[in-house]
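This report is meant to be read alongside the sequence and the coordinates. Please keep both at hand while going through it.

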Amino acid sequence: MAFISSGYNPDKPMEGRVSDIGPRHFGEYLPPVIKENFGKWDYHEIIEPGILLHVALSGDKTYTVRAGTARLMSVTHIREICDIADKFSGGYVRFTTRNNLEFQVETEEAAKELKAFLNDQKFPGGAYKFPVGGTGAGVTNIVHTQGWVHCHTPATDASGTVKATMDVVFDDFTDMKLPAPVRISMACCLNMCGAVHCSDIAILGIHRKPPLIDHKFLDNLCEIPLAVAACPTGAVRPSKVELDGETYKTVAIKEERCMFCGNCYTMCPSLPLSDGEGDGIAIMVGGKISNRITKPAFSKVVVPFVPNEPPRWPTLTKTIKKILDTYAKDANKYERLGDWANRIGWERFFEKCDLPFSEHLIDDFRDPAYYTWRQTTQFKW
Amino acid sequence: MAKHKTPLLDQLESGPWPSFVSDIKQEADARAKNEQGLDYQIPVDCPDDLLGVLEMSYTDGETHWKHGGIVGVFGYGGGVIGRYCDQPQMFPGVAHFHTVRVAQPNGKWYNTELLRNLVKIWDLRGSGLTNMHGATGDIVFLGTTTPQLEEIFWELTHDLEIDLGGSGSNLRTPATCLGMSRCEYACYDSQELCYNLTQEYQDELHRPAFPYKFKFKFDGCPNGCVAAIARSDLSFIGTWKDEIKINQEVVAAYVGGEIAPNAGAHAGRDWGAFDIQKEVVDLCPSKCISYDGKLTIDNKECVRCMHCINTMPRALKIGDERGCSILCGAKAPILDGPQMGSLLVPFIEVNKDDDYQAIKDIVENIWDWWMEEGKNRERIGETMKRLGMAALIDAAGVPVDARQVQEPRHNPYIFWKAEDVEGGWERDINDFRKRHQR
Ligand code: HEM
Ligand code: HEM
Ligand code: HEM
Ligand code: HEM
Ligand code: SF4
Ligand code: SF4
Ligand code: SF4
Ligand code: SF4
């Protein structure tokens with residue numbers, strides 16, 4: 001391999017340097033019909049799952065075909081997307097917030113033709129490349145984080161749990177038969193880079209064992225005061241240990257105070273907390289972000305722990321499917337999952353979804369916990 | 001021929017949903033074949049080794065990525081996330097595997113020329129694997145080595161005129177819904193505001209000066225398609241002040257079953273005929289709609305939840321006096337539990353003509369306050385929780401308003417200030433003793 005220079009000269013890093021220019025202006029990438037009718041749209045319709053029609057005040061129409069993707073994608077795959085866009089949608093393509101693809105076409109026939117084409121593209125293993133769907137009262141693509149593919153703190157994988165889950169709820173991606181949209185999100189640790197705390201259904205990686213302490217290396221790799229300050233519960237304090245006749249400056253951890261958040265590890269690589277048996281997933285439900293009918297709401301933990309069962313996480317996916325199916329059967333039209341649970345009562349939610357209630361589901365973290373306890377005698381048997 | 005055996009990952013190739021495993025394998029093959037004859041600048045087999053290390057995690061149930069090191073491009077504090085594999089001997093292709101965040105066009109519209117140019121850089125200088133996109137919104141280039149970072153940055157800025165995104169304790173890459181580009185609900189131009197603020201605050205984006213990360217997100221309306229209210233330290237959510245516009249003829253068409261409600265979102269199931277009383281009137285959260293052959297909305301009582309408009313998008317339209325609400329302080333649970341954005345400014349005009357100065361004033365006031373008062377690694381939501389909403393409102397320089405609270409305080413522990421009370425706090429004990437014996 002010969003090093004190919006871009007023109008950058010390491011001896012004179014400032015020479016010809018361009019910085020702080022930000023993104024390109026989005027206006028350069030709008031398809032003509034979008035550009036012409038910018039801010040002048042009249043209404044939209046979902047023609048069939050995965051196909052949207054937008055009609056402008058001018059009478060102009062544009063059809064959108066929406067397809068799911070794994071958000072981790074190769075350059076080969078992106079080139080394939082480009083080929084499709086060049087062939088069908090004038091060389092324009094859009095990614096949605098939830099990692100779906102969208103292509104604009106001019107007619108309903110073209111949209112249906114594109115839908116059929118996209119649904120024909122398969123990987124050698126049999127998976128769809130660009131399954132069309134993700135509109136209306138269904139499940140759309142799962143937003144997720146890095147997991148074991150690229151992060152240092154995950155308690156579970158992200159791409160794998162998402163693939164396994166989407167396989168199980170695939171029908172709800174390609175159809176619109178739920179009472180309301182269901183947004184599933186996935187984050188592989190409590191940092192929630194893909195924050196899932198307000199999703200209809202959330203898959204959240206959690207650790208359950210306090211950090212290990214790499215005493216011999218800690219003081220070399222970490223600033224002890226930073227590690228101490230990082231702990232939200234004050235579980236970490238400076239300490240000394242004798243090992244092999246030598247004294248090391250290190251930290252001690254009050255284990256009963258640890259809530260397994262991994263903040264100390266973020267500040268100090270000598271405090272790893274991953275563990276094959278200890279790590280797994282919490283399932284949260286009932287959050288939403290839209291203001292429609294009811295207010296935005298946080299997700300609630302309804303299953304405190306399911307073990308990591310790679311590659312297909314059967315307990316996780318079975319539980320999600322059960323919750324989704326119970327909701328689909330029981331909820332009213334337009335009622336989001338959390339609104340349904342609020343209406344029937346959470347005690348009823350556990351009963352109907354066949355989920356056990358345990359002490360781990362009673363909040364004990366600081367003040368907000370209090371607002372989740374019941375301060376009334378109005379409850380259901 | 002695969003470099004590592006991946007029996008567990010192979011099981012993720014079946015099933016309908018797009019398989020990232022199949023895709024990584026496809027890239028591994030493409031790089032091995034190298035049909036374009038590229039002189040790959042990082043190990044050719046990094047996709048293979050990524051699968052290898054991932055398989056190992058599937059076996060162990062533990063990640064094999066080390067804590068990131070400090071890497072980046074000259075003069076920037078963010079944009080690159082250092083990453084090293086903890087089994088470099090077994091997986092040399094990913095021994096150094098840093099992530100590069102690249103600023104996305106707002107609303108995530110692309111043409112294929114731009115995409116092809118982006119992947120061309122990444123094919124040559126990176127792993128050939130990406131996230132399109134990261135949860136914050138940037139394009140994420142997944143995995144390269146340190147010597148390539150300046151080269152990538154050079155090519156991005158010189159050849160494509162695109163910058164890196166944010167990471168670290170700075171302004172993160174702002175993100176927006178597609179807004180006016182394709183949505184009839186957009187109450188302001190969320191993309192243009194997002195673009196403008198992104199450009200205005202490039203310095204804050206690239207050079208960490210804050211206590212912790214700071215995110216802007218822009219939703220064109222209360223439907224919240226980018227989840228601004230939940231995901232951003234400052235959320236800009238479109239809204240309006242005047243009346244919802246009603247076309248009674250089209251309402252009648254919905255009632256008559258000529259147009260499917262909710263734009264056809266419920267077509268997968270037979271929910272029976274549309275019942276405007278049950279599906280719109282009764283579900284209005286502020287009970288301000290009535291229907292007696294004609295739809296009436298008591299707009300003064302409307303809380304602009306969007307339900308009636310979402311349900312009958314052809315008959316009902318957002319009002320004309322448009323702007324946005326600004327909410328502050330959303331964050332995920334770390335450290336102090338999750339927080340939703342709290343309403344700071346009920347309504348502000350989104351005015352391009354004066355370069356959004358009113359909004360920028362608020363942003364800068366808030367930053368000044370947070371940089372002064374915030375502790376290290378404290379999100380602004382935590383600072384406002386610690387010091388109080390009133391302190392934030394004061395710092396932001398916006399008026400106090402009943403709309404900022406759900407309900408007034410429960411406790412009378414009011415922190416009166418000396419200037420709030422007649423005569424101030426200064427008193428004389430001797431004077432007091434003249435009236436009260438010891
Ligand atoms: C101690 C706290 C945190 C640490 C150490 C941390 C660390 C990281 C790291 C290392 C990455 C890059 C992962 C990679 O590309 O390899 C990342 C990504 C990200 N983080 Fe965090 N993070 C923290 C907290 C948060 C929080 C609280 C949020 C949001 C509220 C957040 C949002 C994100 C997002 C959106 C990404 C991009 C993720 C993606 O591309 O999927 N992070 N974080
Ligand atoms: C109803 C409530 C919420 C819902 C439905 C919700 C949903 C989501 C979803 C779907 C994502 C990924 C979105 C995307 O990229 O398209 C996300 C990301 C995120 N959410 Fe939430 N969320 C909610 C509340 C919150 C709250 C209250 C916080 C913080 C206190 C939060 C913090 C985050 C963060 C940090 C991210 C990723 C951050 C980023 O991309 O900037 N979310 N959330
Ligand atoms: C009829 C009313 C609605 C319309 C026309 C609409 C339109 C859209 C559009 C155009 C997008 C793509 C936005 C983007 O990626 O920037 C989108 C995405 C989204 N919308 Fe809505 N929306 C509506 C109602 C809702 C409601 C009621 C919710 C939540 C309760 C919601 C939640 C979302 C979410 C989470 C996304 C991200 C989904 C994805 O990218 O696949 N939307 N919506
Ligand atoms: C100087 C301190 C206090 C004085 C002089 C005081 C005096 C009184 C008096 C005279 C009553 C009415 C009793 C009755 O109806 O026969 C009362 C009721 C009550 N006090 Fe206090 N109290 C004081 C502090 C507190 C504190 C600190 C608390 C709680 C933290 C408290 C809680 C109550 C409660 C719950 C009632 C019953 C209220 C009701 O009828 O609903 N008091 N107090
Ligand atoms: S959620 Fe946690 S484990 Fe997952 S990418 Fe973010 S910091 Fe890493
Ligand atoms: S994991 Fe979190 S709670 Fe536990 S010691 Fe570390 S910082 Fe403290
Ligand atoms: S947030 Fe509102 S304006 Fe933006 S895309 Fe969603 S529905 Fe449209
Ligand atoms: S927008 Fe919501 S609150 Fe306003 S009239 Fe419609 S349903 Fe009622």
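How many of the 10 residues of helix α4 of chain A are buried? In this predicted model, helix α4 of chain A, which spans residues 159-168, is mostly covered, with nine of its 10 residues buried. The buried residues of α4(A) are S159(A), G160(A), T161(A), V162(A), K163(A), A164(A), T165(A), M166(A) and D167(A).

Ligand 2 lies between chains A and B, and of the 27 residues around ligand 2 the ones that come nearest are A195(A), H197(A), C198(A), K288(A) and K331(B). By type, the shell around ligand 2 divides into 14 nonpolar residues, seven polar residues and six charged residues. Among the contacts of ligand 2 are the following atom pairs, one of them with a backbone atom of C198(A) and others with the side chains of K215(B) and R231(B).

| Residue | Atom of the residue | Atom of ligand 2 | Distance |
|---|---|---|---|
| C198(A) | backbone N or O | nitrogen | 3.4 Å |
| K215(B) | polar side-chain atom | oxygen | 3.1 Å |
| R231(B) | side-chain N or O | oxygen | 2.5 Å |

**Domains of chain B**

Chain B is divided into three parts, namely domain 1 (7-167), domain 2 (181-239 + 323-420) and domain 3 (245-317). Taken over C-alpha atoms, the centres of domain 1 of chain B and domain 3 of chain B are separated by 47 Å.

Conventions:
Residues numbered from 1 in each chain as written. Chains lettered and ligands numbered in written order. Predicted model: local features only at pLDDT ≥ 70, side-chain atom pairs only at ≥ 80, totals over all residues. Heavy atoms only, no water. Near = heavy atom within 4 Å. Polar contact = N/O pair within 3.5 Å; in protein donor to acceptor, adjacent residues only side chain to side chain. Nonpolar A, V, L, I, M, F, W, Y, C, P; charged D, E, K, R; others polar. Domains from an automatic or database assignment. Buried < 20%, exposed > 50% of the residue type's maximum accessible area, 1.4 Å probe, protein only. Helix = DSSP H or I, 4+ residues; strand = E, 2+ residues; numbered from the N terminus.
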